[in-house]
Every structure is written in structure tokens, then in C-alpha cells.
Amino acid sequence: MKTGKKVAVLAAAAAVALSLAGCSNGGGGGAAEESGSGDGDITIALVSKGFQHQFWQAVKQGAEQRAEELGVTVTFDGPAAETEIDGQLQMLQAAIDKKPDAIGFAALDPEACIPLYESAESAGIPIVEFDAGCSSEYGQSIAKTDSMGAGALAADHMAELIGGKGEVAIVGHSQINSTGVERRDGFIEQMEAEYPDIEIVDTQYGDGDHLKSADIAKTMIQAHPDLKGIYGTNEGSAIGVVNAVGELGLEPGELTVVGFDSGKAQIDAITNGIMAGAITQNPIGIGEEVVQAAYDIINGETPEEVIDTGYYWFDKDNMDDEEIAAVLYE
Amino acid sequence: MNATPVTEQSTRPGVTPPEKQGTALSFLRAKLQQSLAFGTLIVLVIFFSIASNNFFSWSNISSILLATAVIGILALGTTFVIITGGIDLSIGTGMTLAAVMTGIFLVNMELPLIVGVLGGLATGALMGLINGLNIAVLKLPPFIATLAMMMIAQGLALVISGVRPIYFSGVEGFKTIALGTLIPGLPNAVLILFLLAIVAYLLLSKTIFGRYTFAIGSNEEATRLSGVNTRKWLITVYTVAGLFTGFAGVVIAARLDSAQPQIGVGYELQAIAAVIIGGTSLLGGRGSIMGTVIGALIMSVLINGLRIMSIQTEWQNVVVGVVILIAVFTDTLRQRRSIT
Amino acid sequence: MSTQLLKVSGISKSFPGVQALQDVQFELNRGEVLTLVGENGAGKSSLMKILSGIYAKDAGSIVFEGTEVDIDSPKTAQELGISIIHQEMNLMPHLSVAQNIYIGREPRTAGFVNERRLNRQTTELLKRLGITLNPRQTVGELTVAKQQMVEIAKALSFDAKVLIMDEPTSALTDSETETLFALIAALKQNGTGIIYISHRMEELRRIADRVTVLRDGRYIGSLDKGEIDIPTVIEMMVGRHIEEGARPEAREHADDDVVLKVEGLGTRYLLRDINFELRRGEILGFAGLMGAGRTEVARAIIGADPSEGGTIHVQGKKVRIGQPADAVAHGIGYLSEDRKQLGLLLERDVNTNILLASLKDYTGPLGFMRTGKGKQKSKGYVESLRIKTPSINSVTKNLSGGNQQKVVIAKWLARDCDILIFDEPTRGIDVGAKEEIYRLLNELVAQGKSIIMISSELPEVLRLSHRIVVMAGGRITGILDNEDASQAKIMDYATNVADEKE
């Protein structure tokens, strides 16, 4: 019965969407960004985990690019900090109230969002997800990085760089949200499974704050004189480790730093050898795919349930490769 | 049937505090909170030195001092505000805005280093001035006025930076403001913290500005009736706090070699915590710069030590919270004793 | 003649809804003490605030040393040489004596406050004034009386030509009052004009060169030294005749029920072995010197301070009182001497204050207030206690001291308290309103309530109390029937152990 209802809703949504799309074409196919009068445009509301981080800015960029190609309007909203679960839910509620054609959502908390998914369902608004999903079954597709796999890839490179044995530590950015947890766990599990001679001596969290992460990394280096490497699970954490290395005056390579995400500072650190390399996701791709998935649903098609947007190891050697350069952002 | 002697002799039984004789005792009591804080600091250092071999080394101490710099500078400025009985919640994001503006001046506008730094300081002072005007002239409660400023600064930092970090890599010498070593082995950020602490100490203890800061916190109306322009001085207090915020902004930008527009929220609470641990009363009228410096050091020694011992991040917060409770509790205990 | 220092005429001032002053006048000569009297709300404080630049006058002229002046701020007043000692404490408790006295006028060297010179200056000033205080001591640690001396020293440090003192002796001991009077005499010698506001008629007789009386914001008249006669002054103040020296009717109390019985009560630092009984329909007065422990007894009984040992029986039953809420549950209400701080929510309306202790009675099962019923009750008390207020919705702050006291009484009556402990029930209340309170206390006991009345004013104790408990050094030194009591006798008991104690 549930499925039947879902189909009916989808069909209705698609019908509406098609007629609206027709209108907009008739209007001369102007740029979707300029939705002054608005009627006739398809609107997709994206509620992200944040917007201050470079990562989310890149997602936004990808979403806007694809929206322009498809001739739809996207709105992009997100709380000021990735701890503001409640604020994010309010934004989701506001998005539902505005009755867009579809919603794209990246959940800060997988449980808290369930009731709102139900109200979106009864309002007939389809939801697609990106980066991190909600535990509700109503979410119809998710575009994200396989964070466990990405963490494992970081572990492989760390192990290779330090020669398969020694002490390493993790500067995490969150012990709560799924990317933070999975990037950490993917790393730890891979180490335990494949590299018995490597010991993870400490894991601490700096909330992605550069300053806090730097102070944490410095204490780690202090506490563990034999430390071979530190893994930073996001941009802020990784740059914190880089700053710590700089402040302690360590020679490049004395401590192996593996990072996550890109951004100018990480790219610089890799160029000058302080950071060995980093895992990059494809945030632009995430943005593009989530908009595409929403668009597909509106048009009655069924996108894949999980769209893996991919992750890559990048270092000094492959940074300028076309494939890598395309997913890096400053 | 004339005079009634009892009438005039017996006054206010009960509530009259028994008089404390001599200055020595009162001096001691004034120093109690400070010496308690100082004692706590020493005990912490000894404890962590025993608990971990890696704690007591010059390079770790230098790390602790550097980690104290930003919060410490914020705490210095906010000590003045708290002594007046006010509060400044805008110092965290205000610091971020000052950092971003420094970036705009130095990177986008390519102004000379000194001009850009002064611009960053001025940004902080300007925010403080606006806080002061809102509080002293428009009579907004400090909590509300600075809460609003906290949000405004956060928003402006994001808007002005275009939600992107500003990197100072092209600005010659900027990073040395925080990480250079005029004194070998000691990062300049620490030097700045100590110099500012000395300035703050002189301001608070030796100038009429400091005197009126205490007076306003002790009894604002009485101060006003004494012919002191309390409005002007209150504005000055918040402006000074803003100026220190500006210093913190420049220092954090120099240390990270970039202005990160998304950080800053929560720094104000850490700074306020440092001030309170240092024995400054949230009710106003009482406090010291020495106490604030010690309070900030206690916070960073505690966090550093717990990290060195690989205590989980979650538990670190619990411990810091408990320390704040103990600090405030000893303070109220002291207050209670001085009343009865 | 050039002896005239200040001439004030035609002063009017109104606040929203109130005409505080209307066409008020007075004169002050050099080397003269002008005593300004009037009931609370007569306009004395408003007048003084106009003179010291805190309020702006609506109309009238102030001629100072022959020229008309415009006093627009406290600073202007200070510069002219008009200083005021406020009735409420206006000190910074966290600052030292010297820092308080010279606030706003700190000696400076190269931008820094010269603390040493500040302290030396203060030492000199205090020496000149004959006040023994340590300039470096923190004011908050001083007794109220010494704080008052700091205020006086501060006002005098301006080399004031006109010095306004608003009830300066209300917190001073005898010897401190003597010091103050000696100071006033010295200041008169120097040609300072003093405006002295007081409720104490003895003081008026002692130091006044002239008395000016205000009533309801209007000038009633002035009396020169030779004409000053207390009954006349009081009549001018209240507009009717007041009887003095009255005593309560002797009553046979031995048969009445004991409503409160205290045995062996003590506290850690002060009280020792307190025993007494309170009977139904009785006013039991508590007399004693400052620090004798009268307020402490009240606070220990109601559980505001921890007691050590002792038992309390209420209506014959032994009770345990650990906190004020327990006392209230047993029908004991305590009316603090400090109404403003401890007895009232000054910013709230009369209705809220009256119902505060008995809100539960006006609350429905779901926690909603039955406002109608409560208001009815409040109105009833406003009428029966003759509380002068525009309505029960008026803010309590705006009521006079006497009427505020009545609001506190109404609060406890609404709570069905049978035992009421009044701590200094008429402190800060003017003569006319005192009579009202006295009448009210008598009415209450006539209705079967029982009252403990702590008072520092012996005539008041003698006038109202059926029996009088005298305390000294934390002990009860005597319990007298009114018929046997006299001021001299009470003093005897009150000084009984004072010698060994201090």
C-alpha cells in the first residue's frame, strides 16, 4: 500500500513538473538563476550540513552548475555550524513549507529528520539526499562519497608512506556525524585488518577548527615522540596538523601527514612537502548528482539509490592530472 | 523624657557585617581567589608532569603558552567588561571578523603590513564601540547587545570573505607576528599576550579608567552621582574589549596564516571561563588581570595535559566544566564568608 | 545681608501623575543648620535631588550666593559647592575608603592614579574631620555606620558651602552621632550651611537653627530656634495632633494560650539559651542594643539561619523548622526590617505582592491562576488595612514607606499567619504613618493574632508591647511586663552583659 501511494505521489509530482517545465520552455529558456517571477520554474531546495566550509561551497557550485544546465532553480541553505542539528531541521521545515518540486538534504543527524520526512511525504515533495542520509525510507536516492572506503584508502597510503609499521594518530573533526565517524572507522579498520605493525595511539577531535586541531596535533607529537604519522579527517583538521608541524619546526617528511578534502592550504602543503597527500572527494560531483537525481524524480525517472561520487588519493605526483585537478578546489 | 539612648545605639542588628580589622587580613582575602587559582595551576603542572613524561618540556610549555595566546588576549579584554558587571559575547566572532578584515586589507587591498594590522585592530575597536554605545546610550542589556553583535560579526565575516578563507601566504612577515621568535624559543604570540597583559594590568590597576571600571561594577548609580561620566567610561570599557578582540583576530590570523571565516563561535565562552576561573566576579566590582592570565593558563594546561594523557575529547570537556564549577563555587563561598 | 547662602523659591516639580513639589521655598544662611522635616512623600527628597542636580525643576528659582543658578547635573552642584549625603548608601563597596571619597577626583601623575597621594589626602581629610577610618580598607567590609561616615567624609571633601544630609544618623551609634554633631558644629564655625533632613525629633531640637516643614509637596512654614516645639512641628507635618507617651491597656495574659514556645534556642556564633513564650493576642516586644541578637532570634525561629539546639512549639505542638517555608507552613510570618530588599517585589504591583505568599490558594488544579478571586482578596486587604494606593495594579515602588509596610502585612495576613514577627516595623516610616501602623498592630492582636515586635525605638516598644523581652550579647537578660517597664529599666537589662561581651 505504501508503495502504491508513493507511486501515485510521484506520478502527480511528475505531471505537475512536466507541465511546469513546458511553461518554462515556452518562456524562452532563460537562466534558471534568475527566477524573478518564479512561476513555471522547477525549484529544488537543497539543505546542506553547512555552507561555511570550502567543501560545501564546492557542492553548491556543482549544484548550481547542473541546475543551470537543466534550466531549474536551486536554493542552497545550511546551518552556520555542523553542530546545529536543530537549526538544520528548521531549515528543512522551511523548505517543505515553500513547496519546492524536490528537496535535497544532507542529514546532520540521521534520526532527528524522520518526522520531517513524513511531513514532506504527505506534502508530496520528493526528497533526495547527499553526503549523509536520513534513517527514513522516504529518501529516494543519495549522492555521496563512500567514506569508509575513503578512510581505508587513507590508511593504505599512510601505511605505505611510513613503511608498514610504527605509531600513528588521528585528528578527527567529529565524533558524531557520519562522515567524521566513517572516515575514522574506515581508517582504523583497515589498519587493524591489514597492517598489524601499525598502532593507532590516539584519536582526538578538534571540531574542524584549525586552531584547536593545531594545538591537538602539537600535544600528540609531544606525547608520542615516536609518532610516525597523523591523519586529519577533514580540511580544518588536516590544516591544523600542517600548522602544528610548521610551528614545531619539523622538517618536511619527518612526520607523515595525510589529509582529507582539498582547499588551497592543503594543496600548498602537499606542494611544499609538509603533507604527503590527501583523500579528495568530489564535492562538485555530489552537487551535480543530487540536482540530477532530483530532476530525474521530478521527471518520473528513478535515479540509483546510492550514487557513489567517488574519492581519490592525490599527492605531489598526480595533482596536476586532469582527472584529479577537476575535483580539487581551492 | 528626653533622649532615648537605646534608639540611637542599637541599629541594624543582624545584618551589620562584623568589621574586619586592618588591611593585612583584607589584603589576604582579596588575594585568596588568586592564590587559589595560582595554587591550582601549580598542582595541575605537577600532576601532569608526574602523569606523563612528555608534559614538562620546554617545547610543550611553549606549545601551552601559544595555545593560551588567543583565548588569553580575548580574556584580558573581557575582564574589563565583566568587572563592570557586563558581559561581551561578541568577542569570539568579533575576533573572526577582525581576522577577515585584516585579510581584506592585506591580501585583497594589498595595503602595507602595519596598515592592515591597524585596520584589523580598528575593526575590533569599532565593534566594541558600537557595543558600548548600544549599552551605555541605548541602555540595551549587555547580554542582548553583544549577542546581537556576535551574530552580526559572524554574518559579516562570512559575507565579506565570500565564505572562503583568506590566505596570507603572499604577505611578507605576517606570519611572524604570531610565530616569529623575538625571544628565542618563545613565539611572538605569547610575547604579545604578556605585553598586552602588562598593559591591561596598568590600565586596570593604575589608571582612572581602571578605577571607574571597578566603580561602575560596584555601584553604577553611586559612581554616576559622584560626578563620573559613567556613560563615557562604559563605552570606553567595551571599546577596549573590542580592541583586544582585534589583537586576538590579528594573532589568530597570523598563527593560521589565514583568516578562517567560519571559526570563532565558542571562543567567547572559553575566554569568559578563563576570566571566571581567575576570580573575577560575574556580578561585577571585583577581578584582576593576573587572575585572568592564570585562569587562561589553567584552561590550556588542563586541556594540554588531558590530551597528552590521551583522555577522550568528551571527557576533556567534562573536566573543564567541573573546574569552572569549582572556581565559581569557591568564589561564592568566599563571598558568603565575607558577608556573615 | 551677605549671610544668605541659598534662597530657593517657587519650586515646582511633577512626575507623570504626581505633583511632587508645588511652590516650595526656603532659605539657608551661612553657618546655619536648617532642618527640613515632613512625612515621607512630602517632597523632601525631590527637593534635595533638584538642589543636587539629579532632577531638573519645572519652575522656580535657586539663588546661590546672590546669583541665580541653573543646577543641571551632579557635577554642576559639586562645582558650586553643594554636596549631598544620600539616604541610601551611595558607595562602591568593592573600592577602598580613599577610592570612594575621591572618586572622580583622583590625583594623577603622568596619567596614572597616584595611590599614595590619594591615601595621604584621605588620611588628612579624615584627621581633620575626626573620623577614624583606614583609607585603604575596602568599604564593603565596614559596618553600615562606618560606611555612613565614609559618605559624610566624601561629601565634606568637596569643601562644600552647602551640605545636605538626608537622615545621616539613621544607622549611626550614639558615639558616632556625637562625632557627627561635633563635626556639624565645626562646619558651622567655618560658615558652611547645612540642610539636615531627619525624622528624629530629639536631633531636631538639638542641632536645628531653623525648621522648615513640608507636607504633600507644599511649603507649610518655618520655625526659628526659639520657636521650635516638637508637638507643633509634628502637627505641622501631619496636619493633626498626635498623642505621645501612650501605653497599651494592661491585660491579663496568664490564661491565654501559648502559641509559640521557644526553649534553649542557640546559634553557632551568637545566641545562647533563648527561652520565651508568646501568647495569643499579645504583642511581645524585643528590645536591646545593636548586635544583641534580636533579629537573629527571629531568623533562627523561622529557619533562615541554622540554629543549634533548642525546641520550638507552635500551638502546643513541637515542630521542626529547617527553612522559612516550614515556618510559613506553621503560620509564622516574618516581616524583615529591610522591606525593600527582603520583603517586597518593588517592581511588581500591589496585587502580586499581597498574594505572593499565598499564590497556591488562588491557583487552579492545572496551575492557572484564578486572578479574579485573588484580586478580590487583595482589594479587601487594601481597604481593611487602609493602604493608600491608586489601585491594586500600581507598582509597589511608588507607594510611601508606610504603605509598603502595610502591603507586607497584607501578604502575611493573606497567608493566614497567626504569628507575625515584625522587625523594626516603623523604620523609615514617618510620624503620621507610624500611628497607622501602631493602630494596625493593635487591631491585629485584637483579632487574635500574636505579634513579636523587634524595635530599636524604646518609646515604640513601651507604647505597644504587653510584655518586653530585653536581650544583650545573644542572651535574654530580662522579660518585663509593660506596667513594670520603663526606659531606664530596659536600658539596665540591655547593658547587663555588654561589658563582658565587647
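Hi everyone, let's start in chain C, where S4(C) and strand S5 (residues 67-68) run antiparallel and are joined by two bridges. Two strands pair if DSSP finds at least two bridges between them. Strands here are DSSP runs of E, at least two residues, while helices are runs of H or I, at least four residues, and both are numbered from the N terminus.

This is a predicted model, where local features need pLDDT of at least 70, side-chain atom pairs count only at pLDDT 80 or more, and totals for chains, interfaces and linings use all residues. Residues are numbered from 1 along each chain as its sequence is written, and chains are lettered from A and ligands numbered from 1 in the order in which they are written.

Two residues sit between the strands, and C:Glu65 takes a positive phi near 50°. S4(C), residues 59-64, also runs antiparallel to strand S1 (residues 4-15) of chain C, through five bridges. There, C:Leu6 is partnered with C:Phe64.

Now, how many residues of chain B are in contact with chain A? The count is 29, touching 27 residues of chain A; contact means C-beta atoms, placed from the backbone, within 7 Å. H3(B) gives the most to this side of chain B, with six residues.

Finally, chain A itself has eleven helices and twelve strands. Of its 330 residues, 55% count as buried, meaning 20 or more other C-beta atoms, placed from the backbone, lie within 10 Å of a residue's own.

Methods: Contact = placed C-beta atoms within 7 Å. Buried ≥ 20, exposed ≤ 12 C-beta atoms within 10 Å, placed from the backbone.
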